[in-house]
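Please look at the sequence and the model first; the notes follow.

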Amino acid sequence: LAPAGGLALALAGWAALAWRARHVAKRARARRARLRKVAHGDYDAIVELTRSVYGGNDYVADRMADWIQAGRFWALVDPVTDVPLALVNILGQSEFGVGLIEGLRTHPDFT
């Protein structure tokens, strides 16, 4: 994907997440959450965010380094604390023109 296409796909992934994260701004005291790429320093926050998924056996933290290196792992973060509120890994587009995402997670306090 071209960089512009990757951004469009990332935004499409976030549109799919929007219905679950609709209360993020309200719960974050009307501050606007921002979208950024996940960094290695986010590991502890992501482990905490995914702790309740799959009985504590979520695969996201294990795949995080590969997804960061690929440049396609995104987080919706609180603008003040920079803590991830939601995650998505953008895989790309299939041969049929379908956008593919994985690792879609929302912080339990914001679902």
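Leu-87 stands opposite Arg-105 in S4. The model is predicted: local features need pLDDT of at least 70 and side-chain atom pairs count only at pLDDT 80 or more, while totals for chains, interfaces and linings use all residues. Residues are numbered from 1 along each chain as its sequence is written, and side-chain values use heavy atoms, without hydrogens and water.

**The sheet**
- Strand S3 (residues 84-93) pairs with S4 in the antiparallel sense over 6 bridges; two strands pair if DSSP finds at least two bridges between them.
- Both belong to an open sheet of 4 strands with antiparallel pairing, in the order S1-S2-S3-S4.
- Strand S1 (34-37) and strand S4 (99-106) are the edge strands, each pairing on one side only.
- Helices (H or I, at least four residues) and strands (E, at least two) are DSSP runs, numbered from the N terminus.

**The helices across it**
- Helix H3 (residues 43-50) lies across strand S2 (73-77), S3 and S4, at about 95° to S3.
- Helix H4 (residues 60-70) also lies across S2, S3 and S4, and runs at about 130° to S4.
- Angles run from 0 to 180 degrees between N-to-C directions, with axes fitted to C-alpha atoms, for helices over the stretch in contact; contact means heavy atoms within 4.5 Å.

**The buried side of H3**
- Ile-46, Leu-49 and Thr-50 are the buried residues of H3, buried meaning under 20% relative accessible area (1.4 Å probe, protein chains only).
- They lie on the same side of H3 because they cover an arc of only 85° around the axis, taken from the directions from the helix axis to the C-beta atoms.
- Their cover includes H4, S2, S3 and S4.

Methods
Buried < 20%, exposed > 50% of the residue type's maximum accessible area, 1.4 Å probe, protein only.
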